[in-house]
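Have the structure open as you read.

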Amino acid sequence: MSHAVHTKHPVKGVSLGLLLTAWCLSASAQEFTFDAAEFEKKTFEFSGYLEQKEEWLKLRGESPAFQMAYPGESERSDLLRSTTTLELRGKVNLGDFVIDARAQGGYASDPLVSSTRDLAAMEGGLRWSASPGLTFDLGKRVQRWGKGYAWSPVAMVERPKDANDPAASREGFVMASGEWTRSLSGSISAVSITGLLVPTDGDMNADFGPTKDLNPAAKLYLLAWDTDIDLMWRSKGARPESFGLDFSRNLSPALEIHGEWARTRDASRNTVTASGVTSRERVDMDSYLLGLRYLTQGEVTWIAEYYRNGAGYSAQELNDYYQFLEAAIAPGAPATLASSARSVAQSGYARPNPGRDYLYVKASVSEPFDWVYGAASLTSMVNLNDHSYQITPEISYTGFANWELRARLIFLSGKEFTEFGEKLSSGRLEIYGRYFF
């Protein structure tokens with residue numbers, strides 16, 4: 001059964017027109033002038049961006065991943081996908097009160113599938129500065145706990161980062177929070193305490209959990225002995241109880257080290273054998289990360305991180321899962337087997353990085369070879385258990401007023417029944433044009 005949509009969608013044409021108009025406007029912009037009034041706090045603020053992304057994917061058309069993503073479709077070797085994204089931000093400053101909102105919507109299409117995301121709130125709410133050092137917040141928020149760049153094991157009350165694009169904007173959860181901060185003298189020079197509630201009832205924060213709970217959590221921050229330290233805790237509720245810590249310290253002006261550790265108690269872990277026999281156990285999971293950031297004399301920034309995923313699967317467990325998927329989509333396989341395969345995937349195996357141990361290394365440089373307003377980077381991500389990997393070279397350019405242009409290639413490689421060897425595509429080219437307003 002085909003999922004193709006053959007009618008043209010007006011959103012794409014309008015977005016391309018807006019991008020072209022914005023380009024023309026920015027190209028005719030006058031040179032920069034300084035105006036102190038621009039830096040004053042305004043009562044009303046509005047901004048956003050319009051992005052057009054074009055992708056070419058080199059597909060593994062015979063793979064189980066393709067059949068799971070496009071059930072019933074014939075094998076194909078490549079795919080062109082177009083995605084338009086609109087993000088709007090607004091803020092109202094009313095003295096001690098601030099009201100803000102961030103909304104995002106978009107449209108994506110390729111020869112097999114098209115989808116529309118209506119403009120919806122990603123983040124926003126009301127913030128009250130009750131007194132110096134004391135604030136309260138009510139709304140939909142992304143907390144951004146942790147010091148890791150690609151992953152954050154201590155991110156207990158937020159949606160996970162995308163390790164392929166860690167800086168990408170994320171949707172928050174509805175929550176109420178309060179924060180108290182105080183500066184001190186001595187070895188401990190600052191302390192901050194954050195308490196929050198993330199209520200769930202089956203509809204509100206459904207992605208956080210299906211049960212009716214308040215899900216309290218807390219964080220203690222210390223700046224002690226020139227080291228940033230956080231202690232975190234999340235109560236048992238819609239998710240299992242979890243606690244952990246992180247740290248970050250500059251060993252020199254050019255070298256920073258950071259780390260995280262988190263334990264999740266009595267968590268559910270699902271596994272499947274190559275023959276399709278599933279099992280579930282309750283275990284305590286320990287996840288941790290250790291990383292560094294180093295700036296060379298040549299202005300190259302290196303980021304390296306080792307990540308231990310406590311909920312992850314070993315090379316053999318992933319091997320069994322991929323063998324089971326292959327059997328489930330084989331010609332003549334019972335329909336119930338394919339249904340079971342989807343359930344198993346949703347139980348944990350379909351996470352972006354389902355493995356147990358990873359190494360992440362990124363090298364980036366601004367204005368390489370005197371390319372003004374340009375930047376380049378090279379990123380590698382390796383599953384240390386099955387030795388499959390992903391390599392991503394990327395360039396970007398911000399020389400046009402209000403514009404950011406990006407392009408990157410993603411190469412994925414690995415043997416049969418390994419993580420990156422079984423992904424939907426073996427390669428992908430992405431080209432972005434983002435206009436800020």
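## A glycine in the first strand

G48 sits in strand β1, which covers residues 44-59. This is a predicted model, so treat what follows as a reading of that prediction. Is G48 buried or exposed? Its relative accessibility is 8%, and the cut-off for buried is under 20%, so G48 counts as buried.

What does G48 touch, once residues up to four places away in sequence are set aside? The list is E87, L88 and R89, plus Y435, F436 and F437. N205 is another story: G48 and N205 are 157 residues apart in sequence, and their C-alpha atoms are 25 Å apart in space.

## A serine in β15

Now over to S377, which lies in strand β15. With a relative accessibility of 14%, S377 falls under the 20% cut-off, so S377 counts as buried too.

Leaving out residues up to four places away in sequence, S377 touches K362, A363 and S364, and also T392, P393 and E394.

## Helix α3 and what it packs on

Strand β15 turns up again around helix α3. The buried residues of α3 pack against β15 (374-383), and also against α2 (64-69), β11 (255-272) and α4 (335-349). Which residues of α3 are buried? They are E317, L318, N319, D320, Y321, Y322, F324, L325 and A328.

Helix α3 runs over residues 315-328, and at 1.5 Å a residue its 14 residues should span 20 Å; the end C-alpha atoms are 20 Å apart, so the two agree.

## The whole chain

Zooming out, the protein chain has four helices and 18 strands. Its radius of gyration is 24 Å, close to the 22 Å that the globule rule gives for 437 residues, so the chain is as compact as a globular protein of that length. Along the principal axes, the C-alpha atoms fill a box of roughly 70 × 55 × 50 Å.

How many of the 437 residues count as buried? The figure is 39%. Among contacts with a separation of 6 or more, 55% come from residues 24 or more positions apart.

Methods
Residues are numbered from 1 along each chain as its sequence is written. This is a predicted model: local features need pLDDT of at least 70, side-chain atom pairs count only at pLDDT 80 or more; totals for chains, interfaces and linings use all residues. Side-chain values use heavy atoms; hydrogens and water are left out. Helices (H or I, at least four residues) and strands (E, at least two) are DSSP runs, numbered from the N terminus. The radius of gyration is taken over C-alpha atoms; the globule rule is 2.2 Å times the number of residues to the power 0.38. Buried means under 20% relative accessible area, exposed over 50%, partly exposed in between (1.4 Å probe, protein chains only). Contact means heavy atoms within 4.5 Å. The expected span of a helix is 1.5 Å times one less than its number of residues.
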